[in-house]
Amino acid sequence: MSDAVPAPRSEGLRDLLVPVLVIVIISAGSALLLGLVREATREAIAAADRAEAENALKIVLPAGLSVDVTKPFTATVNGRELEFFAGTDEAGTLRAVAAKTASDKGYSGLIRILVGFTGLDDSGTLQVTRTYVLSHAETPGLGSKITTCQEQTDAAACGDAFWTRFQGRAVSPGVLKPVKDGGEIQALTSATISTRAVCDAVLEAGEYVKAHRQEILDGLRGAPGKGGTP
Amino acid sequence: MSAWSEFSKGIWTQNPVLRLLLGLCPPLAVTTSAKDAVGMGLSAAFVLVMSNLVVSLLRRTIPDRVRLPAYIVIIACFVTIVDMVLKAYVTDLHKSLGLFIPLIVVNCIILGRAEAFASKNPPVLSMLDGLGMGLGNTLALLAVGTVREILGNGTFFGLPVLSSVMEPVLLFVLPPGAFLTLGFLIAGMNRLERRHAHG
């Protein structure tokens, strides 16, 4: 019944302005506080990111090579930006490259990986040194096993952990695929999709290195440059 | 109520997860290991104490009709601080908790305590309430995380404990294991409580 509804109370300017003002002040206070915390943690966060990147590169590249995280060679492959990093020996010779890539074909979200390659000479066969998962959102206990034991560099200590299945594999579509799809990579139990996603990313990066080897090597030896499929 | 009972109620009689059944997302989602559970619990406890304090201090300033947006801004501010600090100094934990840290913003324990307690009580009591609720939440997370990690992965805080006794039951680190574990813990709490009530 319409006459049961009380007429809206007329509101003064004050009733309208005070709530707005309070919210603005609280937001401004929060922003100030966050700015201070960000300033205080910025260097530590950058250092942690850098240390993590360097650590991951050292893991995927053969032992003894030195790495430089600050000078990647970037290329766009199938719409995704890949970064390549050089692993150089004491004489300054480029012995291996690592590719930072990702796959969105996982079970949940993006799987970002780092993968190392050796066999860059004209005569050599391009080989995967090993893989390292930088971030993922796969199911805990199933797909998350793509990261099992990956901080270890000694394969003997890791049993059949996922990363060991890529060690020393040749870059070829007949190898870098789950066994189910005609490759040689043993899939993780109940995590074929996660396995396939990592395989795809590794193969894609490997094929790019194979096809654009000289370009990447030149780019990494000289100034960091922009490459890409023309 | 005394200060002690404001603090202790959150741990047992009004445990947010096991008695009030509030904020059940983290106990289900981030309890695949005891370590993640504790990290999550302590992060939420920090946010809870700080947001309770600020909400209580501003309880006469914030107009009633905009209280929810105001609380959410305050809570989001402290959650972002936790996120940045964890990222800077406890990188590993930050990595494994991932998206669930920002999601503390929408944890209903925190908004619930701001609305039900801190907006009506003085700062010290509000902080004690937040601390008690935060610890109660952490203990509940730890309980779920402990059961799931031991049964599902055969480890406790990463140390192998089951290796020679039995094969881990993978189900327990999967979502159904979370529901089962939480259900049995709540049932256990109810039983203890009932026995207590009957003397």
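Glu6(B), Lys9(B), Arg113(B) and Asp129(B) are linked in a network of salt bridges, a salt bridge being a side-chain nitrogen of Lys or Arg within 4 Å of a carboxyl oxygen of Asp or Glu. This is a predicted model, in which local features need pLDDT of at least 70 and side-chain atom pairs count only at pLDDT 80 or more, while totals for chains, interfaces and linings use all residues. Side-chain values use heavy atoms, with hydrogens and water left out, residues are numbered from 1 along each chain as its sequence is written, and chains are lettered from A and ligands numbered from 1 in the order in which they are written.

Over all chains the count comes to 15 salt bridges, among them these pairs:

| Pair | N to O distance |
|---|---|
| Asp49(A) and Lys87(B) | 3.8 Å |
| Lys71(A) and Asp68(A) | 3.9 Å |
| Lys105(A) and Asp200(A) | 3.3 Å |

Lys105(A) lies in the loop between strand S4 (94-103) and strand S5 (111-118) of chain A and Asp200(A) in helix H2 (residues 192-211) of that chain, so the pair ties together parts that are 95 residues apart in sequence. Lys105(A) is exposed, with a relative accessible area of 53%, whereas Asp200(A), at 25%, counts as partly exposed; buried means under 20% relative accessible area, exposed over 50%, and partly exposed in between (1.4 Å probe, protein chains only).

Of the 199 residues in chain B, 46% are buried. Among contacts in chain B (heavy atoms within 4.5 Å) between residues at least 6 apart in sequence, 73% join residues at least 24 apart.

Terms used
Helices (H or I, at least four residues) and strands (E, at least two) are DSSP runs, numbered from the N terminus.
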